[in-house]
Amino acid sequence: MLKVAIMELGTNQIKLSIVRIEENKYYEVEKEYTESVGIEQHLQENSELIKTVKIKECIDILHMYKQIAIANGVTKFYCVASANLTSAKNYISFLEEINSDLDLEFKLLTEEEEVNYLYTAVVNAIDVAKGLIVSVASSSTRLVYYCRRVVLNSVAIPMGAANFTSVEDFNKLLKEVGEPFQQIDSEIPVIGSSEIFTGFARLSRKKTKYPLDMDHNYNSDKNHFSEILKFLQGLDVERGAKLKGITANGIGYLMNGMSIALAVMDYVKLNKIIINRYGRNVGMAHRLTMQEDERPVNDVCANSIETLIWANGLDLENAKYQYFLASTLYSQLKVLHKLPRVYTRILKVATLLFNFGANINKQNFGK
């Protein structure tokens, strides 16, 4: 087993993910830490140069992250910098100073690598054969269209939640590159993959009294998305005010991002929304685990269950035997219960995870 630290240096946040890996099999993101740095806003105020004070702030955060990683038993570091950093005139000297001070090597990601990591995170965590991934970051918006688990088209639009000016300005940028996306099937879902969409999901769950505390795989539609945006626009609060438990950035940031997402949905004429909680760090973790094998997992649900069983130290073969017994009994009693075959998917999850109860109550975990 291997423990890896994934450090991501972005224009809005610096993120640390501590990942436990069993090579070519499974991985688990044990811990995540995020600190806001606001490099994007700093660049806008200081003529596209990252000043010394901001560089020192980033180095201090990364030093802290390195110590946290070492304390958690990390033996390998994988460090990347967002492609958006190239908007700074001194980004090369910025990265060189960080690498020298921390004795690490931050790799500057290309646009293609950013897309591939995001796509990898989505396709291995959401069981949707084709969809349009929409990721609204601080200074850019990415659209990735995939079908049958193959990326067919992707673009990066240089406007995000932090540098948003107006819907009209965004639409002009979208029309310049978005024509291929108007040809996609209108029945496919938008897969929302950024803080903007998880913030929407949390507000939506509160409004609809959704019973599960779950962002990932949360389903909604454009009409409800628009309702939540109108609700935010009607609040009599400062745009910089934060909604506790919803988003780390202010209400204005969330509204800007949602306005961009809604403009995309209007342009491509898509209605269904599925929320994806996982970002490029999960895509990187998957690539580090599977190494040279870039193929998506065959069965998202089965892989997720097996990963949970591995992460909790349970016996996979014993779990499979319990499922065999339960499914046999289900088939034999079909004359009595008359339930459709599709219910066996729920039965499979329940029986494979039956032993999870041992981690809560070892004596009566069957209950």
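Start inside the protein: its largest nonpolar core has 44 residues, and Leu 132, Val 134, Leu 143, Phe 170, Phe 197, Phe 225 and Met 258 touch the most other members. A nonpolar core here is a set of buried Ala, Val, Leu, Ile, Met, Phe, Trp, Tyr and Cys residues joined through side-chain atoms within 4.5 Å. Buried means under 20% relative accessible area, exposed means over 50%, and partly exposed is in between (1.4 Å probe, protein chains only). Elements giving two or more residues to this core include strand E6 (130-136), strand E7 (141-147), helix H5 (167-177), helix H7 (222-233) and helix H8 (251-268). H8 supplies the largest share, 13 residues. Helices (H or I, at least four residues) and strands (E, at least two) are DSSP runs, numbered from the N terminus.

Before going on, a word on what you're looking at. This is a predicted model, where local features need pLDDT of at least 70 and side-chain atom pairs count only at pLDDT 80 or more, while totals for chains, interfaces and linings use all residues. Residues are numbered from 1 along each chain as its sequence is written, and side-chain values use heavy atoms, with hydrogens and water left out.

Leaving aside neighbours within four places in sequence, Met 258 is in contact (heavy atoms within 4.5 Å) with Ile 196, Phe 200, Phe 225, Ile 228, Leu 229 and Leu 232. Apart from this core lies another, of 28 residues, with Ile 14, Ile 39, Ile 61 and Cys 79 among them.

Now for the whole protein. There are 13 helices and eleven strands. With 367 residues, a compact globule would have a radius of gyration near 21 Å, and the protein's 22 Å agrees with that. That radius is taken over C-alpha atoms, and the globule rule is 2.2 Å times the number of residues to the power 0.38. The C-alpha trace spans about 75 × 45 × 40 Å along its principal axes. Of the 367 residues, 49% count as buried. Among contacts between residues at least 6 apart in sequence, 66% join residues at least 24 apart.

| Residue | Relative accessible area | Class |
|---|---|---|
| Val 190 | 1% | buried |
| Ser 220 | 13% | buried |
| Asn 24 | 43% | partly exposed |
| Lys 269 | 61% | exposed |

Val 190 sits in strand E9 (residues 190-192). Not counting residues up to four places away in sequence, Val 190 touches Leu 132, Val 134, Met 265, Leu 270, Lys 272, Ile 273 and Ile 274. The C-alpha atoms of Val 190 and Val 264 are separated by 9.5 Å, though the two are 74 residues apart along the chain.

Ser 220 belongs to strand E10 (residues 219-221). With residues up to four places away set aside, Ser 220 touches Phe 200, Asn 271, Lys 272 and Ile 273.

Asn 24 lies in the loop between strand E2 (13-22) and strand E3 (26-36), and its phi is near 65 degrees, a positive value in a residue other than glycine. Lys 269 lies in the loop between H8 and E11, with phi near 60 degrees, again positive in a residue other than glycine.
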